[in-house]
Amino acid sequence: EAKRVERGTWRFYEQALDADRDTRTVLVTQLHEALASGQLFLEYQPKVCLARGRVVGVEALVRWRHPEQGIIPPTQFIPLAEESGLIDELGDWVLRRACADLATWRSRSPREAPEQVSVNVSGIQLRTEALWHSVRRALSESGLNPEQLELEVTEGVFYDARASSLRRLSAAGVRLAIDDYGKGYSSLFVLRDLPANVVKIDRAFVANAQNRFADRAIIASTIALAHELGRSVVAEGVETQVQLQMLRNMGCDMVQGFLLAKPAIAAKVPKLCLMRW
Ligand code: C2E
Ligand code: MG
Ligand code: MG
Ligand code: MG
């Protein structure tokens with residue numbers, strides 16, 4: 001199947017998610033090998049604090065350098081890892097790599113290093129204790145403080161038993177961010193009940209903010225509500241100066257997006273930390 005498909009297209013992978021069991025097995029096997037043979041790597045996207053005008057954190061984003069298909073984005077293989085049970089191992093690798101990278105940047109030059117690193121966590125990873133053990137190991141191996149690690153989770157996971165995994169991590173000092181806020185099934189209970197430090201406004205709202213009053217109103221009131229509840233706010237997907245100015249005026253704490261910086265390999269992070277906005 002794979003050989004019939006052109007190189008460099010993601011079509012195959014998209015179809016594969018709906019394909020038969022054999023095809024999936026091949027992909028899962030390849031993903032297994034990818035983990036073992038170092039085909040996965042991380043890029044980091046800066047989070048810029050508007051009050052300080054500098055990078056305060058970076059978000060780790062996993063990629064797969066596939067020997068035939070080239071670089072595969074996470075949207076194409078994370079679902080597969082979730083279905084196959086490989087997500088715990090993949091997530092463990094991401095956590096350890098991200099913590100090790102932050103420790104390296106900080107030891108070389110704190111001035112050119114982010115203060116913290118954020119790691120995306122799938123809801124599946126919260127179903128067992130695997131994540132808890134991964135976090136503990138990643139922190140102890142790297143020597144980071146729990147406060148230097150932030151986990152990004154989407155809204156949905158806050159509603160069921162998985163919330164207790166999050167409370168335990170939060171009690172241990174790890175920071176929590178609600179990713180893609182506003183995109184899922186809402187959210188006011190989440191803001192009220194859970195120990196999230198950060199709310200990340202979904203980039204769909206930011207994308208429309210220039211043209212639509214409703215999106216501006218939602219962003220402004222989310223910022224006000226989050227602040228009222230003692231949370232800070234990150235706007236995702238900032239691509240234009242107009243959006244940036246708007247978010248500044250609204251009192252948004254942090255911004256992330258292609259306007260500020262695209263995701264970059266670990267070696268490029270120290271240089272990004274010297275930029276000022
Ligand atoms: P996310 O956590 O919401 O990450 C933000 C995504 O938006 C990233 O895509 C990033 O490259 C992209 N982005 C950043 N700035 C802009 C912008 O200005 N404009 C636009 N159009 N896009 C922007 P990416 O790297 O493809 O990641 C997609 C999703 O895959 C992530 O969404 C996250 O949910 C998931 N993901 C990535 N890495 C991991 C991981 O290590 N573990 C898990 N479980 N999920 C991951
Ligand atoms: Mg994220
Ligand atoms: Mg997001
Ligand atoms: Mg997203």
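In this predicted model, the side chain of Glu59 places an N or O atom 2.9 Å from an oxygen atom of ligand 1. Two further side chains make approaches of this kind, and the table lists them together with Glu59.

| Residue | Ligand 1 atom | Distance to a side-chain N or O atom |
|---|---|---|
| Glu59 | oxygen | 2.9 Å |
| Asn120 | oxygen | 2.8 Å |
| Glu239 | nitrogen | 2.5 Å |

On its own, ligand 1 has 800 Å² of accessible area, and the protein covers 83% of this. The space that ligand 1 takes is the largest pocket.

Strand S2 supplies the largest share, with 4 residues. There are 22 residues around ligand 1, and those that come nearest are Asn120, Asp179, Arg203, Glu239 and Phe258.

A separate point concerns Ser134, a residue of helix H5, which spans residues 130–142. Is Ser134 buried or exposed? Its relative accessible area is 7%, and because buried means under 20%, Ser134 counts as buried. With neighbours within four places in sequence left aside, the contacts of Ser134 are Asp92 and Leu95.

Conventions. Residues numbered from 1 in each chain as written. Chains lettered and ligands numbered in written order. Predicted model: local features only at pLDDT ≥ 70, side-chain atom pairs only at ≥ 80, totals over all residues. Heavy atoms only, no water. Helix = DSSP H or I, 4+ residues; strand = E, 2+ residues; numbered from the N terminus. Buried < 20%, exposed > 50% of the residue type's maximum accessible area, 1.4 Å probe, protein only. Contact = heavy atoms within 4.5 Å. Near = heavy atom within 4 Å. Polar contact = N/O pair within 3.5 Å; in protein donor to acceptor, adjacent residues only side chain to side chain. Areas by Shrake-Rupley, 256 points an atom, 1.4 Å probe, with all protein chains shown as cover. 1 Å grid on protein atoms, 1.4 Å probe; cavity = no way out; pocket = protein on both sides within 12 Å on 5 of 7 lines; lining within 4 Å. Sits in = over half its atoms within 2 Å of the grid points.
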